[in-house]
Every structure is written in C-alpha cells, then in structure tokens.
Amino acid sequence: MSEIRQIGVLTGGGDAPGLNAVIRALTKSAILRHRLRVIGIMDGFSGLVDLKTEELELRDVRGILPKGGTILGTTNRGNPFKYVERLSDGTERIIDASGIVKENFTRLGLDALVVIGGDGTLAIGRELMEQHGIPVVGVPKTIDNDLARTDRTFGFATAVGVATEALDRLHTTAESHHRIMLLEVMGREAGWIALHSGIAGGADVILIPEIPFSLEPVIAKIWARQNRGSAFSIVVVAEGAHSKDGDQVFQSVDPVTGWKRLGGLSYQLAPVLQDKTGHEVRVTVLGHIQRGGTPAPLDRILGTRFGCEALNLVMRGEFGNMVALNGEDIVAVPLAEATNRLKLVDPQGQLVANARALGVVFGDEDPDDVLDSE
Ligand code: F6P
C-alpha cells in the first residue's frame, strides 16, 4: 500500500447537522496524529471537476462543531458521471466528467478521498473507485436516517428534535382552538423522522411512506377523540407518504437531473379532513428548518466518531468501505452493501406496534376498529 500523505474530503447531497463535526474530527486527527495534509473540496464532486479546493488547517475547523451546514458547501447536482454543464448560451447539458475528476485527483496529489454523503453521493464514490481506481472511504449522512447498514446517520437526532419541538408547540395552539394540526416533515422514502417525532410528540396520527394510507381511519380517529372530549388532533405527515391509491406529491422536478422536490401532501389532505370532521384544519410544513441550525449533541458525537474512524480506515487502506454505527460500535461496511437498498420502517416492527398500542393511527386500520378502541 502506498504511503498516505494527503487526503481530500468533500460533502455531497443535501446538508445535515453534524457534517462539520465529521470534517473537524477528520482534519484534526489527520493533522495531529498523522501529520497529513487535508484538502477540502468545495461543493461536492463539482469541486473536483472545476478544481475548487482549499487546504484545511487546524484554524479552519476551529469553532465549527456547533455550526449547522457544511463549511465545504454541497450540491445535489454534482454527479460527475452525469455532470450538468452550463453552456455559454445559458442552456445545460449532461456530460460524463468522471475522467476529469480522476485527472484532478492525481493533479492535486491526493492519496485518498473521503466522501461524506447520502446514498447517491456514496454510490458515486463507489463508482469512482470501481471505474477510475480512486481510493474512497465513505461517511454516511442523511437526516432521513434511511441508509442501509448503519443503525443511525447524523442529522437525524437534530431533525427529530426540531420536529418534536414543533409538535409540542402545535399541541397547545391546537387544543386552544379545537383544531386539527397537520405537521409535514421530511422523509422521502422512509418515515423515520415522522415516526420518531410522532411518538416523542404524542401525535394521534402518523402517515409514512412505508404504510400507504386511506383517510377513513384518520377521520374515525379524529371523531373518536372528539367523542371522548378531545376536540383537537395532531397529525404528522412524512412528505413521501401516499394514499393507498395515490402517488407521492411533489412540487417540481429538476428538468436536467430528474430530482423530485417532494412536499405538499398535507395541503391536499387538509380540506378533506376539514370537510369530514367539521374541525378547522391548519397545515405546517417544517421543511429545511429540520436540516439547518445547531446540531444536537448526539449528532455531533456521531459525526465526530465517524470522522475519526473514517481516517482510521484510510490509514489502514480499507478503501471501498464506509463507516457505520452498529450497536455501540463504529464498523466498516462495504459501500456496495450500503448503497444497494434503503433502510425503511418495518410496518410490522416493534416501534410501529408500540405506537399502535397507544392508539396512534397509521391510516391502514379498519375505521370501525379505530372507533371501538378509543
Ligand atoms: O434526503 C434528505 C432530504 O432532506 C429529504 O428529506 C428531502 O426530501 C430532501 O432532502 C430535500 O432536498 P432539497 O434540499 O434539495 O430540497
């Protein structure tokens, strides 16, 4: 194995609170323990196409632990295999720029590349290693917590905390006005944020992508609560949820990359619920509030551990792996295994069963059972 002297690090895809903790841990341990040079690559893989880099020194990572976002910048339009090139006439076209990435990796004198991102970013890292021989180590990130082969991703704890606080706040105003409050949270394919915040925030209904819903049991739940003297209800909606006979609701599709911007399901549900229950309904779409701002302590700790262990993988030459949380331990997992499927909520699992035991409705129940059980 060749000696490691200089490593590159980049963040790709949507940001997540805790990214800076990873960058800080990686940089500090690389410099202090191994005397390496660390090159920060700006705006994801596009920094390796356009050569936007900055050497990271200790002073650059000072004070960034409590900062949200990423000091390196990021983009979800930076896939070098399908690179969006802007032409002089303002139009865009897709090219394969992965060869340029390889050239620039060599030109920069990098010995390894640490890629911090979600399934898309990690899959690109894997492809760069397979097709161009770039030695890659991955660090999994997403507030959605839907990456396979790791028990948790950093950013999730912060997002759940923000969503739970929103539910606490919605409760008091819902009760005062006898309203139904819909809180739409992030979660494209997986309902982890909705499920966890819904349980922590005492929601009455939780709609998640893994359990296609119909509105009848939701309406039955609201009536049942009304009959028992609770003239308000709290509904958590994951943005990627969909009805039994409907599709996910999205606001727009990127014409070049095909990326769907989800969101808006709650606005479709609100008038139906208002009509069928007689209650006023209000919608709150939490959006990027869940992703921005100060990372929760758990995300800082996980990010720090991931950063240190990612560097250990680099130093041991264990490329083609990502770091992952397995129980209490950080372990190495092949990128191929981490990027070929998502980690979804198990509709038959314990967490869903526990919520159901408390009377939480997921939209797949028989409406009569919901009324009877209240
Ligand atoms: O994957 C993380 C995520 O936060 C999703 O929950 C959400 O759908 C998406 O990113 C939003 O992406 P953008 O920041 O591009 O709107």
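**Notebook: helices, sheet and salt bridges**

I began with helix α5 and listed its buried residues (under 20% relative accessible area, with exposed meaning over 50% and partly exposed in between, for a 1.4 Å probe and protein chains only): they are Phe 156, Thr 158, Ala 159, Val 160, Ala 163, Thr 164, Ala 166, Leu 167, Leu 170, His 171 and Ala 174. I note that this is a predicted model, in which local features need pLDDT of at least 70 and side-chain atom pairs count only at pLDDT 80 or more, while totals for chains, interfaces and linings use all residues. Residues are numbered from 1 along each chain as its sequence is written, and side-chain values use heavy atoms, with hydrogens and water left out.

Helices and strands here are DSSP runs numbered from the N terminus (H or I with at least four residues for helices, E with at least two for strands). The 22 residues of α5 (residues 156-177) should span 32 Å at 1.5 Å a residue, and the end C-alpha atoms are 31 Å apart, which agrees; the expected span is 1.5 Å times one less than the number of residues. Just after α5, His 178 has a positive phi of about 55°.

I turned next to helix α4 (residues 119-132), whose 14 residues reach 19 Å from the first C-alpha to the last, close to the 20 Å expected at 1.5 Å a residue. Its buried residues are Thr 121, Leu 122, Ile 124, Gly 125 and Leu 128. Seen down the axis of α4, these fall within an arc of 155°, so they line one face of the helix; the arc is that of the directions from the helix axis to the C-beta atoms. Their cover includes α3 (98-107), β6, β7, β14 (321-326) and α10 (335-338). Gly 133 follows α4 with a positive phi, near 70°.

For the sheet, I counted two strands as paired if DSSP finds at least two bridges between them. I read an open sheet of seven strands with mixed pairing, in the order β3-β2-β1-β6-β7-β14-β15. Its edge strands, each pairing on one side only, are β3 (53-56) and β15 (329-334). The twist from one strand to the next averages 30°. Strands β6 (residues 112-117) and β7 (residues 136-140) run parallel and are joined by five bridges, with Ile 116 opposite Val 139 in β7. Helix α1 (residues 19-34) lies across β1 (6-11), β2 (37-41), β3, β6 and β7, and runs at about 175° to β1, where axes are lines fitted to C-alpha atoms, for helices over the stretch in contact, and angles run from 0 to 180 degrees between N-to-C directions.

Last, I checked salt bridges (a side-chain nitrogen of Lys or Arg within 4 Å of a carboxyl oxygen of Asp or Glu), and the count comes to 18. In one of them Arg 291 meets Asp 15, with the closest N and O atoms 2.9 Å apart. This pair links distant parts of the chain, 276 residues apart: Arg 291 is in the loop between β13 (281-285) and α9 (297-316), and Asp 15 is in the loop between β1 and α1. Arg 356 and Glu 365 form another (3.0 Å, N to O), in which Arg 356 is partly exposed at 29% and Glu 365 is buried at 17% relative accessibility. I also noted that Arg 77, Arg 86, Glu 92 and Asp 254 are joined into one network by salt bridges that share partners.

Definitions and conventions
Contact = heavy atoms within 4.5 Å.
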